[in-house]
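How far can the model be trusted, and which elements form the lining?

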Amino acid sequence: MAAPRTADQTARSTRRVVLAALCLIPLAACQSSKPGPMAGGDDDAAWYIGTMPDKPFDVPLVDRSRIDPKYRRQEVAYSGPEAPGTIVVDIDKRHLALVQEGGTALQYGVGVGKAGFSWKGDARIGRKGVWPDWSPTTTMVSLNPGIERSRKGGIDNPLGARALYLYQGNRDTMFRIHGTNEPWSIGEQMSSGCVRMLNEDIVDLFERVPVGARVVVKRSSKYRA
């Protein structure tokens, strides 16, 4: 019978698994158009400090000391007109706020889409996905005919651990708030259009908001043309 693994051995093994998964990620919708500053390198594993239990996969936890403090999850004062329970995404500031009672909000750092791909508007959460499958939009296929057509949910999936699907009426806007396996992209403008969060942050947000919750996505301080 093999000797039990030490905590250090387990942590090293977890980082190797995460790194291996990250190195397999191709270009995808809601995914960055180029690798991060350390993508595919040995230092990728240094972004992770362990895992958070989840099903059917554990969530890789990011070393938050590597994230700019303004993009770390925190409670902030909020004076906007939106009702408590509303998600407000500020594309320019790379922030997502969940409005709370009493003039406060839970604020998360996000990565956003390139100019020309970013969407803005007033929507609602039409559905929620746990370790969701991914498939490219028609636009992504037209721009890159060789792109893979689907990927099952998992550590290497561009949508990460959770996804919130934005709808206007009964129409899917094709815009998502989702997790990412590129933590270095938080605070950046580099994906193909959607709003990405650290996996542990999207899990936290996912548990706080119901289907039907209002979502306001602002650019240049406006969410309407």
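Residues are numbered from 1 along each chain as its sequence is written, and side-chain values use heavy atoms, with hydrogens and water left out.

- Of the 14 lining residues, Tyr78, Val88, Asp90, Lys93 and His95 are the closest to the centre of the second largest pocket.
- The lining of this pocket divides into 6 nonpolar, 4 polar and 4 charged residues.
- Strands S3 (74–77), S4 and S5 each supply at least two residues of this lining, and S5 gives the most, with 3 residues.

**Strand S4**
- In S4 (residues 87–90), Ile87 and Val89 on one side and Val88 and Asp90 on the other are all buried (under 20% relative accessible area, 1.4 Å probe, protein chains only).
- S4 pairs with S5 (residues 95–99) in the antiparallel sense over 4 bridges, with Leu96 as the bridge partner of Val89.
- S4 also runs parallel to S13 (residues 214–218), joined to that strand by 4 bridges, and Val88 stands opposite Val216.

**Confidence**
- The mean pLDDT (the predictor's confidence in each residue, from 0 to 100) is 82, and 78% of the residues reach 70 or more.
- Over residues 1–29 pLDDT stays under 50, and over residues 32–42 the pLDDT is below 50.
- Where pLDDT is low, the predicted coordinates should not be read in detail.

Definitions and conventions:
This is a predicted model: local features need pLDDT of at least 70, side-chain atom pairs count only at pLDDT 80 or more; totals for chains, interfaces and linings use all residues. Contact means heavy atoms within 4.5 Å. Buried means under 20% relative accessible area, exposed over 50%, partly exposed in between (1.4 Å probe, protein chains only). Two strands pair if DSSP finds at least two bridges between them. On a 1 Å grid over the protein atoms alone, a cavity is a set of points where a 1.4 Å probe fits but cannot get out, and a pocket is an open set with protein on both sides within 12 Å along at least five of seven lines; lining residues have an atom within 4 Å of a point. Ala, Val, Leu, Ile, Met, Phe, Trp, Tyr, Cys and Pro count as nonpolar, Asp, Glu, Lys and Arg as charged, and the others, Gly among them, as polar.
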